[in-house]
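Hello,

Here is the structure we spoke about. Please look through it first; my notes come after it.

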Amino acid sequence: MIFKLAFRNMKKSMSDYAVYFVTLIIGISVFYVFNAISDQTVVAKIFKNGYDIIDLMRTTLSTASVIVSVVLAFLIVYASSFLMKRRKKEFGIYMLLGMGKKKIAGILMAETVIIGVLSLLAGMGAGILLSQGMSMLVAKLFEADMSQFTFDVSWEALGKTVIYFLIMYALVLLLDLFVVGKSRLINLLNAEKKSEKNIAKNPWICLVVFVAAAVLLGHAYWMVTANAEQLTEQSQVLMQIVKGIIATFLIFWSLSGLLIFLSKIRKKSYLRGINAFTTKEISSRVNTNVFAGSIICLLLFITICIFSTSFSINKSMNDNLKTLVPADVNLMYTYDQGLPYDSEKQTITETLQNQGIDRNLFKDVVELTSFAYYRWDEEEKTGNVDGENIFANSGVIKLSDYNKVAELYGLKKQTLAADEYLVVSNYDYTLKMYNEQFLQKGHVIHLGGREYHPKYKECQDGFLEMSSNRSELGFTVVPDDISADENLHPERIYYIANYDTSKKSVEEMDELLNNKKIQKNIYVSTRTEIHQRSIGLTALIVFLGLYLGIIFVLASFALLSLKELSQAADSREKYRILRRIGVDERMIRHSLFRQNLIFFSTPLLLAIIHSIFGIQVSIYIMEIFGKTGLLFSIVATSVVLLAVYIIYFTITYRCSRKIINE
């Protein structure tokens, strides 16, 4: 009997359950997908032996899952409270007909079990299918080989998902039973007559507050973009964030009165049809959801920035690995800083031979020395950097050595006159400093009693040490016939080469160079190691960004949808009155559509405006990674947001129409 009533109730209230079901199914599937990532075959092949990275990813995503579960639990509880509000009169009628609270609790329990089983099954099925799509996305993002793709199911992720969501359902059930147990018959029967209070605001005060909020927000935008270089302390950045939060709240607080004010200015439009009713309803929706609208706007803003940054970092990192890691190995020996040069030091080639590594295993070999400029104090037995020769301090190499590296790396070769020098760098911050403070002013350096003038007014793009990001701080290139200078001392020896894979495989060569005796004296950096390290970091950023971003989007639009449905339920009597006075049904539907559209779009539009400037801040943060994938990331973010927006808006509009027609 109880299960029969539960099934009948669910069938009758299917439109009310639509948002609830969609939110549960998407939440469960996303929860499974991201907890199953570390068990995917594609991920394991990308990282190969990088078990530490996989463990870190598993730990990080598990930690994020706790946050996600709290957000989803809040959504489920909120959605359940909306359904309870819609059904209080129904429960009141049950009690009026003689049904006890225990039987009503039994019906609720049966419905919760049915919803839980159906949503878990649908969410798990969708999650397993989406996880295969995630494998393809991972392969696409990190350019992996999909030829050996296998269909994977993570039983550990399935178990974790079931446990987390059973706990959430139990929480919802307890809260619903508590509400029914504490309810009185009179309150249940009159529940529909209660609605949120809507206190009208003075339009002129709203106009003043809106302008003040816009000015405050504009100042925060200016500070984080045009004046960003002046934000040198963390407290200054936090202050701009606080300004943005306060301004967002004030905009939503003033928006209801502002809409009335602007509408009444255009009286003909305001009085046409039922536009006055529509404007009042929109104003009421905004007015009763100031806090919720502000939170949703900020969540969407964070989501857009997270999505854009994650995709951009991934695209930039892939491009960097192609251009900034052009050789198989980069070895570097650094002399003890501040000590006089010992000419008896071995070259890297000699060191490798002493360790039993045949030089014929390498090809395209370039070995060079970079010099540092400092004055040796014999009494203090220390070397003091000479601040006048700024570029010499950052490293000096000879032109012929640089051109050998340029040929191996695929960079532009250079020529210099006898009194010229140039600076090579690819790090944005030092590029700007060198260009503006020195090169554009014709800065002269002195080496060996001779003057050298800059050949170019800006740094040339290039690097010596391979890296996954643009982090070359800069070095100076001078002619080969540079005069002897007692203050110019060898700083580093570089050994750059490719492996001769006809003799040993890449894996065997990497293992040879990872010998502890070699690494004790020489810093070893291989293409394989750089790829593993950078891809691991990028994967962690991308997965975490996608995980939290999708959940924030889900939370934002689900809250908007539930708020709109609740408002539609409170306004049913108003629509009945409109029908009684002869208002056309088409006009009512058009009014409802406009209300839903504006209510859904307002937080999103303000979030997009926030993100335009927020992404500018992200660009500063991403300078070290590069910005090549920014346009792609913005497009991908727009597609995801638009898809979720359309799904929730469509469901909300259709359910709202059904509610006002009851």
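Which helix holds Ser-294? Ser-294 sits in helix α12, residues 290-324; helices are DSSP runs of H or I with at least four residues, numbered from the N terminus. This is a predicted model, in which local features need pLDDT of at least 70 and side-chain atom pairs count only at pLDDT 80 or more, while totals for chains, interfaces and linings use all residues. Residues are numbered from 1 along each chain as its sequence is written, and side-chain values use heavy atoms, with hydrogens and water left out.

Ser-294 counts as buried because its relative accessibility is 5% (buried is under 20% relative accessible area, exposed over 50%, partly exposed in between, with a 1.4 Å probe and protein chains only). The side chain of Ser-294 reaches the backbone oxygen of Val-290 at 2.8 Å. Leaving aside residues up to four places away in sequence, Ser-294 touches Thr-248, Phe-249 and Phe-252, where contact means heavy atoms within 4.5 Å.

Ile-615 belongs to helix α21, residues 585-621. With a relative accessible area of 9%, Ile-615 is also buried.

Met-109 is in helix α5, residues 101-141. Its relative accessibility is 41%, so Met-109 counts as partly exposed. Together with Val-113, Val-117 and Leu-121, Met-109 forms a nonpolar patch on the surface.

Regards

Terms used:
Patch = residues over 30% accessible without salt bridge, like charges linked within 9 Å, V, L, I, M, F, W, Y side chains within 5 Å. Areas by Shrake-Rupley, 256 points an atom, 1.4 Å probe, with all protein chains shown as cover. Salt bridge = Lys/Arg side-chain N within 4 Å of Asp/Glu carboxyl O. Helix = DSSP H or I, 4+ residues; strand = E, 2+ residues; numbered from the N terminus. Polar contact = N/O pair within 3.5 Å; in protein donor to acceptor, adjacent residues only side chain to side chain.
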